Structures are given as structure tokens and as C-alpha cells.
Amino acid sequence: MRGALFIMIVIGSAIGFLWPIEKRGAPAAAAADTEETYVKPHDTTLARAANGHFYADALVNKKMIHFVVDTGATDVALTIDDAHLLGLKFDPAHFEVVGTGASGAVMGQEVSLSEVSLDGKRAYGIKGVVLQGLAVSLLGQNYLRQLHGVQIDGDTMTLR
């Protein structure tokens with residue numbers, strides 16, 4: 001499990017560095033206080049970005065967060081900035097090793113997310129982790145496995 005978390009961190013960090021700076025965080029900042037009214041759950045179709053990854057904006061605790069959809073990530077992982085935006089209680093001074101890899105220890109702290117919602121597809125009581133050095137938040141399996149399906153067909157990902 002720690003190996004999967006490390007892979008999630010490495011992939012997320014690499015994606016964050018490849019993602020154009022003007023796009024990084026822009027949707028979250030623009031819609032930070034957006035509250036979703038009831039939306040009937042419907043399919044979400046994502047186009048593959050130029051860097052090869054799929055991105056989505058999802059509501060977490062009623063705040064918009066920009067994610068890479070990471071089918072290899074075990075949990076929802078948040079950048080420090082996104083965790084602050086959500087008002088989560090965490091303390092980088094209390095970060096502990098949550099995984100190890102080629103570059104050494106991966107530091108982070110577990111948090112609890114009340115709700116994650118994407119196009120009406122809601123999941124409640126999701127475990128999250130705030131990771132040191134993460135460049136873009138990751139929408140991981142603990143959210144994705146609650147969907148009816150995740151399908152990749154060429155350059156399109158569909159979340160059901």
C-alpha cells in the first residue's frame with residue numbers, strides 16, 4: 001500500500017511540474033467558494049491533456065479543487081495549498097513518513113474529507129492525505145471505486 005502511495009506521489013509531482021503554470025490552480029482559485037446545488041449524477045467525459053493525463057475539477061467539502069484523475073493512486077491526495085483552501089486541520093510539523101521511494105521518504109498527514117463530488121457523483125467520508133511537495137492534487141481510487149465505472153478509450157476518459 002505504501003508503494004502505491006509512493007507511485008501516486010511521484011506521478012502527481014511529475015504531472016504538476018508538466019502542467020502549464022497558468023492553468024495550475026486557476027480553476028480552484030476561480031471557483032473556490034462555489035457551492036454545488038443538487039446535480040443529478042451524470043457521466044463525466046474528460047479529454048486527455050497534452051501531457052497525457054486527465055484532469056477534472058471536483059467539489060471537496062463544497063470547494064472546487066483541480067485534480068489529476070489518477071487511477072493508480074490509492075487515496076485522494078491534496079497539495080498543501082488545496083488543503084489550506086479546504087480549511088483542513090493539519091500541521092506540516094507533524095507530517096510523518098507515509099511512503100518511501102527512490103528519492104527517499106514521502107511525508108504527509110491523513111485528513112478526513114466530508115464529501116467529494118464530481119458532476120453529481122458523490123462520495124462521503126473519504127480518507128485523504130496532504131502531501132509535502134505535491135504539485136497537483138490527485139483524485140484516487142478511494143473516490144473512483146465508488147463510481148459505476150471508469151473507462152479510457154483512446155484520448156477520452158469517462159467516469160460513470
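Predicted model: local features only at pLDDT ≥ 70, side-chain atom pairs only at ≥ 80, totals over all residues.
Residues are numbered from 1 along each chain as its sequence is written, and side-chain values use heavy atoms, with hydrogens and water left out. Local features need pLDDT of at least 70 and side-chain atom pairs count only at pLDDT 80 or more, whereas totals for chains, interfaces and linings use all residues.

Helices (H or I, at least four residues) and strands (E, at least two) are DSSP runs numbered from the N terminus, and two strands pair if DSSP finds at least two bridges between them. Strand 10 (residues 156–159) runs antiparallel to strand 1 (residues 44–47), to which four bridges join it; in this pairing Thr44 stands opposite Leu159. Strand 9 (residues 150–153) is likewise joined to strand 10 by four bridges in antiparallel orientation, with Ile152 opposite Met157. Two residues lie between the strands of the hairpin formed by strands 9 and 10, where Gly154 adopts a positive phi near 65°.

A nonpolar core is a set of buried Ala, Val, Leu, Ile, Met, Phe, Trp, Tyr and Cys residues joined through side-chain atoms within 4.5 Å, buried meaning under 20% relative accessible area with a 1.4 Å probe and protein chains only. The largest such core holds 28 residues, of which Leu113 and Tyr143 touch the most other members. Elements giving two or more residues to this core include strand 6 (104–118), strand 7 (121–131), helix 4 (141–144) and strand 10; strand 6 gives the most, with four residues. A second, separate core of eleven residues includes Ala49, Tyr55, Ala77 and Val136.

Conventions. Buried < 20%, exposed > 50% of the residue type's maximum accessible area, 1.4 Å probe, protein only.
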